Amino acid sequence: MNNIVQITGGVTAPQGFLASGLACGLKKSGKPDLALVYSDPVATGAAVFTTNKVKAAPVLVSREHLSQQNKRAVIINSANANACVGPRGMADTLTIARALADLLQTTPDELFLASTGVIGVPLPVPPILAALPTLKENLSAGGGTDAARAIMTTDTFPKEYAVAYQHDGREIRIGGMAKGSGMIQPNMATMLAVLTTDAPVPQAVLQQTIRAVVDRTFNRITVDGDTSTNDSVFLLANGAAGGPPVTGGPALAAFTAALEEVCRHLAWMIVQDGEGATKFITVRVTGARTEQEAETAARAVANSPLVKTAFYGEDANWGRILAAVGYSGIDFAPEKTRIRLGELLVYDGAGLAFDEAAAKRILQEKAITTEINLNQGEAAATIWTCDLSQEYVRINGSYRS
């Protein structure tokens with residue numbers, strides 16, 4: 001659609017965006033832990049944040065900054081969530097915002113800020129402040145991967161994606177980076193994403209669009225059913241591609257489709273990198289009366305520890321899938337329901353005698369789809385998840401230490 005093609009460059013693929021990432025000493029490992037994404041010219045900004053009642057200080061500050069439509073930069077630190085540390089958290093976030101604003105010759109409210117890492121430990125501010133000048137000096141159009149690495153926590157690889165498309169004779173680019181591996185069930189996980197575009201999009205349209213796209217992408221993934229205190233998705237649009245403002249009609253439809261492509265691929269990467277994950281699982285519910293009921297059922301299946309461990313063990317235990325739909329809270333008729341593992345029908349109103357060897361071959365694949373057809377309507381929804389392994393327990397059993 002709209003001649004969307006994948007390109008390289010990640011968050012700095014669009015015109016006018018620079019990025020950098022470095023190690024300032026927050027991580028004991030010495031790995032990169034501070035990232036900056038900067039726009040020249042000034043951009044409009046939009047964002048979606050966690051719905052968790054417990055919100056980290058940078059979430060609260062960035063949410064306040066959302067009222068200022070102009071944005072220059074996003075700064076993110078890893079290794080420390082700056083959450084649940086009392087008034088100090090807000091003071092530390094504002095200190096960083098003021099220092100960076102002075103350095104970039106802008107105002108604090110033209111910045112978005114985010115943190116990710118351990119909850120309940122005060123953020124070490126001095127090393128961040130000391131690193132800001134170098135972080136600015138290192139800004140470059142090739143710095144996207146450095147920034148993507150600097151926001152990682154338990155991630156095993158940096159998550160970047162970018163596309164380009166043509167509209168009215170102009171090439172428009174959208175790029176992004178994300179982090180997330182565990183504590184993932186965005187409800188807008190620990191997940192952060194920064195998205196950039198050189199399309200000219202007014203702030204009100206940008207905000208409406210990112211919220212709708214997040215609902216169809218980042219809000220359709222789950223690793224472990226946990227929603228973080230720090231989840232944030234930021235989108236900057238600087239208009240460097242030129243042309244009239246994107247406000248509606250075919251221009252907005254093309255932009256939305258391309259933005260959704262970037263967000264969907266970043267969301268898939270988060271699931272594929274789920275802590276200890278060995279399988280990428282697509283749970284699709286069809287034949288529902290409403291999309292909401294389909295999503296509710298699919299999410300129950302995707303979040304079930306018993307379903308996820310069965311996929312890890314490559315066990316065709318369809319009963320766990322049906323049971324999860326049963327407790328999801330939707331009204332449905334089990335005797336009319338069908339369940340498939342890949343193309344293999346394993347349940348049709350009752351258990352079927354199916355080829356166990358064929359089921360095993362399907363479950364040995366790295367990517368698996370299960371479809372639950374409720375046969376009571378035309379609505380459908382998809383949730384993407386992963387299996388649950390012993391490695392997940394090992395990682396999260398020693399996260400603080």
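**Figure 1. Glu 275 and Lys 179, two positions of the annotated binding site.** Glu 275 is buried, with a relative accessible area of 4% (buried means under 20% relative accessible area, exposed over 50%, and partly exposed in between, with a 1.4 Å probe and protein chains only). Glu 275 lies in the loop between α6 and β10 (helices are DSSP runs of H or I with at least four residues, strands are runs of E with at least two, and both are numbered from the N terminus). The model is predicted: local features need pLDDT of at least 70 and side-chain atom pairs count only at pLDDT 80 or more, while totals for chains, interfaces and linings use all residues. Residues are numbered from 1 along each chain as its sequence is written, and side-chain values use heavy atoms, with hydrogens and water left out.

Lys 179 is placed in strand β7 (residues 170-179) and counts as buried because its relative accessibility is 1%. The side chain of Lys 179 makes a polar contact of 3.0 Å with that of Thr 116 (a pair of N or O atoms within 3.5 Å; within protein, one must be able to donate a hydrogen and the other to accept it, and residues adjacent in sequence count only if both atoms are side-chain atoms). According to the unreviewed UniProt entry, the annotation "binding site" covers Thr 153, Lys 179, Thr 190, Glu 275, Asn 396 and Ser 401. UniProt positions are given in the numbering used here, feature names are shortened, and annotations may be inferred rather than shown by experiment.

Figure 2. Arg 88 and Asp 92 are joined by a salt bridge of 3.2 Å, N to O. Both residues belong to helix α2 (residues 87-104), where they are four residues apart, about one turn of the helix. Arg 88 is partly exposed at 43% relative accessible area, whereas Asp 92 is buried at 11%. In another salt bridge, the closest N and O atoms of Glu 293 and Arg 289 are 3.1 Å apart. Arg 289 is partly exposed, with a relative accessible area of 43%. Salt bridges also link Arg 220, Glu 291, Glu 295 and Arg 299 in a network.

**Figure 3. Aromatic pairs, of which there are five.** Trp 268 and Phe 280 form an edge-to-face pair, 6.4 Å centre to centre with 75° between the planes (rings of Phe, Tyr and Trp, the last by its six-membered ring, pair if their centres lie within 6.5 Å; planes under 30 degrees apart count as stacked, over 60 as edge-to-face and the rest as tilted). This pair links distant parts of the chain, with Trp 268 in helix α6 (residues 249-272) and Phe 280 in strand β10 (residues 280-288), twelve residues apart. Trp 268 counts as partly exposed at 24% relative accessibility, and Phe 280 is buried at 13% relative accessible area.

The ring centres of Trp 318 and Tyr 347 are 4.9 Å apart and the planes stand at 35°, so this pair is tilted. It also links distant parts of the chain: Trp 318 is in helix α9 (residues 318-327) and Tyr 347 in strand β12 (residues 344-348), 29 residues apart. Trp 318 is partly exposed at 22% relative accessibility, whereas Tyr 347 is buried, with a relative accessible area of 5%.

**Figure 4. The ring cluster of Phe 49, Phe 112 and Phe 234.** Ring pairs connect these three residues. The charged end of Lys 71 sits over the ring of Phe 112, 5.0 Å from its centre.

Figure 5. Ala 35 counts as buried, at 1% relative accessibility. Leaving out residues up to four places away in sequence, Ala 35 touches Ser 20, Gly 21, Val 74, Ile 75, Ile 76, Leu 135, Ala 147, Ala 150 and Ile 151 (contact means heavy atoms within 4.5 Å). The C-alpha atoms of Ala 35 and Gly 176 are separated by 13 Å, and the two residues are 141 residues apart along the chain.

Definitions and conventions. A salt bridge is a side-chain nitrogen of Lys or Arg within 4 Å of a carboxyl oxygen of Asp or Glu. A charge sits over a ring if NZ of Lys or CZ of Arg is within 6 Å of the ring centre and within 35 degrees of the ring normal.
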